[in-house]
Amino acid sequence: MKEVITTFALLLVAVVGAAGTRAQTKPSIFSIPARLENTSCSGNPTFKPTLNGMPVPVRAELGPGSDQVILIVFDITEDLSRIDEARQALIADVSKLPPNTWVGVLRSQDGLHVLADPTPNHQKVIDVIQSLTSSGTPGLLETVHATLTLADAMIRKSPVRVSVLYITDGSIYSYRENYTDPVINPSDTHDLSRRFRDALIGEKISKLKRRISSLEAPLFIVQLHYRQDGLDQAYQNGLEALTKATGGDFAMCHSLAEVPEVISTMIDRIGTTWRLNLAVPPKIHSSLQVGLSASCGSRDTQLAWRSHIKLKGE
Amino acid sequence: MKILFLALLGLIIAVPAAHSSPDTQKNSKQLSGEAAPLTRATEEFKVLTGKWGMRPNSPPSAQKHFGPKMLWHGRVYEYFRNDSLDAIPHEVNQNGGTKSPLHRNQFGFSVSGPVIIPHLVTNPQNTFFTLSYEGVRETISRASLHTIPTAAQRNGDFSKTVDQSGNPLIIYDPATTAPNPAYDPSLPVSTSNLQYLRSPFPGNIIPSDRLESVVQQALRYYPFPNTDVGPFFENNYFVNSPQYDTADGIIARVDQSVGNRQRLTFQTAISNGFVSAPKYFPNLASPTAPDQHYSRWRAEISHVFTATANTVNSFHLTAESNVVQSGTGSQTPFPIYQLAGSYLSMGTDFPNSRNARNTVEVEDSISTQQGKHSLQLSFQADQYQVNSFTPQYPSGYFQFSTGLTSLPGINNTGDPFASFLLGLPQYAERTVITAPSYFRNSYQSLSGGDKYHASKNLTVSVDFNFKRHTARVEKYNRQSTIDPAVLDPSTLKMGALVFAGRNGIPRGLRPSSINLDYTLGLTWNPRGDSKTGVRASFHHWYEHMPIYNGQWGTQGFNARQTFTSANTQLSPALDLEGGIPPLETPLPDLSPSAADNTVADYVDMTNRVPVYRSASLSVERQMPFAMVVTVGTDYSAGKDLLVGSSTTSPNAIDPRYLTYRDQLYNQAFRLSLQPYPQFTAFDLYGLYPAGRYQRNAGYVQVEKRETYGLSFTATYEYSRQYDNYSGPYGNQDLINLSNDWSATPYHTPQYLQLSYIYDLPFGSGKPLLDLESWGRPIVSGWSLSGMAYWNDGHPLAMRPEFNNTGDVLSTLYANVVPGVDPHVSNPGPAQWFNPAAFAQPADFTLGNGPRTISGLLGPGQNRLDISLDKRMPVGDTSLDFNVTAFNFLNHANWNYPDTTIGPPSAPNIDAGRIIGSNGGRVVQLGLTLSF
């Protein structure tokens with residue numbers, strides 16, 4: 001009988017707990033990444049967030065120097081010289097990372113593949129990077145949601161900063177999925193449907209933004225190969241839009257010389273990104289506009305942060 | 001106690017589903033140095049990546065656990081156009097039309113993702129496919145304005161026919177021709193010194209019994225005027241007839257990964273369709289392209305092998321076929337009646353033809369990174385086939401000019417339609433094809449390159465391509481050409497027909513071309529500033545002799561019967577009623593004289609091929625506000641470019657012989673002045689290497705990456721392009737091409753282009769109208785794209801109204817009047833340029849003006865296209881509704897002005913004027929479901 005009561009009590013509490021969880025249609029806390037644009041702030045800044053215009057408290061903050069996981073995802077497909085330059089730059093930067101920055105390595109062609117679990121053993125990461133090969137088909141657009149979902153789960157599991165860094169050189173023309181809308185009937189001279197050929201890219205980016213709008217990890221992308229044709233410009237703009245939507249950052253290498261500098265800058269930005277846990281008022285729109293200001297001593301400082309988020313618990 | 005413990009445990013189980021409590025969070029200082037959170041995060045990483053099939057030891061099918069619905073992506077779409085959405089095109093409106101029927105549906109789908117076949121292909125990470133289909137069903141009206149004879153003219157009544165200045169145009173009776181006993185050969189032919197006397201038709205009316213019966217039968221197929229745009233009786237037939245277009249096509253691709261290092265890809269594209277050109281008249285005499293059925297396919301197998309992190313090998317095998325069948329072949333084609341001047345002709349060339357172009361290509365390429373060198377080496381071999389059956393004039397071609405109804409030697413007399421009514425062609429031709437031709441050639445190349453990273457800020461590249469193009473051969477050696485070095489036994493003159501593979505003549509008639517292309521490039525960041533990039537390149541390359549569709553260069557096996565007038569002012573080429581007689585010698589006729597007295601096909605037997613070189617220099621600077629500015633200059637030039645018979649001819653008469661004046665109308669005398677008088681002319685088929693061009697350009701491009709939802713690119717270019725071959729009416733001097741060096745007629749000196757995308761700032765996640773209510777799906781997901789361009793017009797080309805050069809020059813340029821500015825202060829349709837700046841050259845003289853007037857441009861073109869997109873999420877899919885307006889502002893672009901310059905005695909009153917405009921807003925609706 002005692003066991004029965006015990007079991008019943010256990011189930012009751014579990015059900016109540018679970019029901020309570022389900023009943024809470026919005027999470028009470030969510031986190032956003034934030035980054036100081038100028039690094040002249042000697043002490044910790046004071047963040048003043050608002051949600052849909054209402055001031056909310058910062059429940060916790062993880063700043064530079066705190067535990068961090070960087071998931072580096074390689075999406076390299078083309079010019080070996082750029083890939084090699086990127087490899088060398090990353091190796092140099094990874095070797096300088098502190099021990100409490102763990103690095104995981106993944107590859108994004110033909111789905112997402114783990115090459116190295118997050119580890120403080122940076123030499124192991126360097127060895128993996130050193131042996132990376134290129135493939136002919138980029139996969140960033142196909143895998144970025146999965147990568148951010150993974151990082152989001154890690155953030156929700158443990159109080160660490162988790163960032164995703166894509167290193168890519170892909171062109172929109174190289175994707176397996178048809179974003180460039182090739183002409184199928186070459187004799188169709190009156191085809192006006194392809195006058196605005198970037199529409200498919202815009203649609204894909206829009207869908208991805210919607211899907212990642214409830215994920216909390218910031219996305220950083222380094223495009224190793226800047227391209228000037230119209231479709232690739234739309235693609236590059238789309239990648240930038242994805243990073244901005246997550247509070248991350250995007251950079252392109254206009255020349256080979258830029259590769260080390262851009263990668264190094266991006267690693268620095270990841271390292272100096274804060275994670276702020278904000279309290280959500282009980283009754284609030286599930287699509288949140290975030291306002292954030294920060295002061296450093298007596299002066300306000302310029303910020304980059306995630307300005308919009310959709311609550312996952314909706 | 002135990003109950004309490006279990007209850008607490010239950011709470012702990014329940015809570016993690018929610019977000020971690022703020023109390024469990026620690027600030028950075030507290031967390032620093034603690035490994036546990038990192039370990040927990042990493043464990044989560046391992047668990048999830050294992051569960052989602054992302055780890056090397058994951059079961060192959062595990063990845064589909066990460067949302068199987070996401071494995072396949074694609075879209076289904078429909079684009080719809082209908083004239084009820086459009087503005088009436090300006091050219092239709094101006095001609096009184098109230099409708100321009102259009103029905104168009106363009107539909108298709110595209111899907112891609114992993115291939116999963118139960119028990120056969122189970123690893124979703126190894127095999128991928130893409131499949132796309134698109135179909136088009138279209139009926140679209142095409143408007144055009146023409147000149148056709150009036151009802152009176154069809155009956156021989158030219159009493160109201162006027163010239164370009166509005167004065168009566170006199171039609172002379174060729175049956176009354178007689179030599180003028182008072183003619184003084186030492187003086188030019190003129191109205192006061194006629195070489196031949198000829199009487200006008202009484203009342204300027206051709207008697208009905210003189211009208212040729214064959215022509216009268218043909219005229220039953222010819223329409224009557226239906227409008228009167230003018231000037232005078234010109235531009236009197238407006239047609240807005242439908243064009244039909246049906247097309248279907250698929251693209252399919254399968255990728256197979258073999259381990260991490262190899263990838264095998266198979267791709268194929270198949271399309272076929274039907275195109276029916278708009279008919280000027282609704283019968284077989286319409287001078288429009290015949291209906292076409294086409295089918296194409298392409299298949300490619302690729303293998304990419306990543307040998308090491310620094311070395312990749314790629315192999316491609318491609319096969320391609322493109323077949324176009326024109327005409328039905330079920331009925332006898334209508335003969336072509338070509339009327340000189342502006343009259344609409346009858347009949348079409350190539351009424352029944354079939355061309356099949358097949359290509360097989362194999363290529364292997366290896367790339368490797370060795371220290372500071374990026375090296376590449378490739379080998380490529382192609383095999384081309386062109387199987388062609390193309391009788392150009394199977395029912396005959398008959399050309400009618402003013403000459404036979406003119407007063408011989410006097411401009412502004414006679415009429416080509418009057419010559420037609422009398423059945424007096426000045427030239428006739430018929431094509432006799434006995435069998436299709438099966439042309440072949442091949443290409444081999446060995447190419448390589450090195451990109452050397454000399455320093456962090458300097459990269460130098462060198463590329464080369466050592467290549468061989470074989471000459472065109474025919475499967476059964478059924479090729480021929482005129483060889484200028486061979487004696488024609490019939491005429492004892494140099495130049496005779498020779499045949500491939502016979503008497504020491506190579507199968508390809510000309511040698512293979514073996515050339516080395518090369519490119520030098522440099523990328524430099526000055527002073528180590530990576531935000532500034534300088535790029536420079538120089539490229540030198542050779543083109544090859546392509547195989548065009550058609551059976552040019554097969555005389556002897558096929559025939560081109562040619563009939564020319566002994567004197568285009570005095571006698572016809574043949575009797576139209578009798579038609580074209582049968583061939584005198586049956587085919588094949590492999591005698592050296594088989595092409596005598598015809599327009600002979602001339603293959604250049606040297607090893608010359610087009611040579612190009614280009615250089616570019618640009619500076620790119622990254623600017624604040626996410627902008628990139630590029631400033632650059634380009635130079636390109638070419639020589640020995642492929643040109644046709646209207647540009648040059650090895651059998652052309654030197655223009656200095658124009659001094660023979662009216663004697664030149666005597667064909668025998670005129671031909672005696674040609675280098676190869678036994679041939680009427682040479683047909684070069686656009687494959688004679690003699691052209692030259694040069695282009696210089698400077699440009700500025702500003703690219704703005706997205707901020708606040710807006711991104712744009714703006715480009716401005718200024719360029720100059722000159723050449724010696726590009727028309728628009730042919731060259732005046734076919735021997736000295738340097739005399740024809742002028743601005744390229746299709747060149748646009750300046751253009752400004754702007755394209756932009758703007759995600760409208762309202763809806764979900766946007767600053768405005770971020771509604772929670774039902775209105776949220778309505779206001780969210782809007783974006784606006786646009787494209788606008790402003791182009792200069794092209795350089796205008798003046799041409800004189802009359803070409804009295806004894807049939808020596810097929811193209812004559814206008815004279816430039818010194819000191820008269822061709823520009824007008826406010827160019828418009830009433831007067832776009834000043835025609836007084838140009839003049840008709842005197843008889844038997846070259847025009848002294850250039851081929852095109854570089855500083856005098858036609859009307860510019862501009863257009864603004866806009867596309868409005870609305871994206872609506874539907875679960876995991878999305879629906880995209882799209883409205884695109886081409887020429888959104890319904891802007892009318894002017895047509896080009898009349899550039900025909902008449903003499904003072906009969907000026908073209910239309911010179912410099914513009915008749916009408918074109919264009920009109922077109923709206924397309926699109927609906928795409930993406931998944």
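A crossing of two helices is called left-handed if the near helix is turned anticlockwise from the far one by less than a right angle, and right-handed if clockwise. I note that the model I looked at is predicted.

**Helix pair in chain A**

I looked up helix α2 (residues 80-94) of chain A and helix α7 (residues 258-271) of chain A, and found their axes 9 Å apart at an angle of about 40°. That angle makes α2(A) oblique to α7(A). I recorded the crossing of α2(A) and α7(A) as right-handed.

I then listed the residues that meet. From α2(A) they are Arg82(A), Glu85(A), Ala86(A), Ala89(A), Leu90(A) and Asp93(A); from α7(A) they are Val259(A), Pro260(A), Ile263(A), Ser264(A) and Ile267(A). Sorted by class, this contact has 7 nonpolar, 3 charged and 1 polar residues.

**Domains of chain A**

I checked the domain assignment, which gives domain 1 (27-60 + 283-314) and domain 2 (68-182 + 193-271) in chain A. I found their C-alpha centres 25 Å apart. To their contact, domain 1 of chain A gives 12 residues and domain 2 of chain A gives 9 residues.

On the domain 1 side, I found that β1 (29-36) and β15 (308-310) of chain A each supply at least two residues. The largest share of that side, 6 residues, comes from β1(A). I counted the classes on the domain 1 side as 7 nonpolar, 4 charged and 1 polar.

**Chains A and B**

Last, I looked up the contact between the chains, which takes 94 residues from chain A and 112 residues from chain B. Helix α1 (residues 2-23) of chain A provides the largest share of the chain A side, 9 residues. I noted that the chain A side divides into 39 polar, 36 nonpolar and 19 charged residues.

Conventions
Residues numbered from 1 in each chain as written. Chains lettered and ligands numbered in written order. Predicted model: local features only at pLDDT ≥ 70, side-chain atom pairs only at ≥ 80, totals over all residues. Contact = placed C-beta atoms within 7 Å. Helix = DSSP H or I, 4+ residues; strand = E, 2+ residues; numbered from the N terminus. Nonpolar A, V, L, I, M, F, W, Y, C, P; charged D, E, K, R; others polar. Axes fitted to C-alpha atoms, helices over the stretch in contact; angles between N-to-C directions. Parallel < 35°, antiparallel > 145°, perpendicular 65-115°, else oblique. Domains from an automatic or database assignment.
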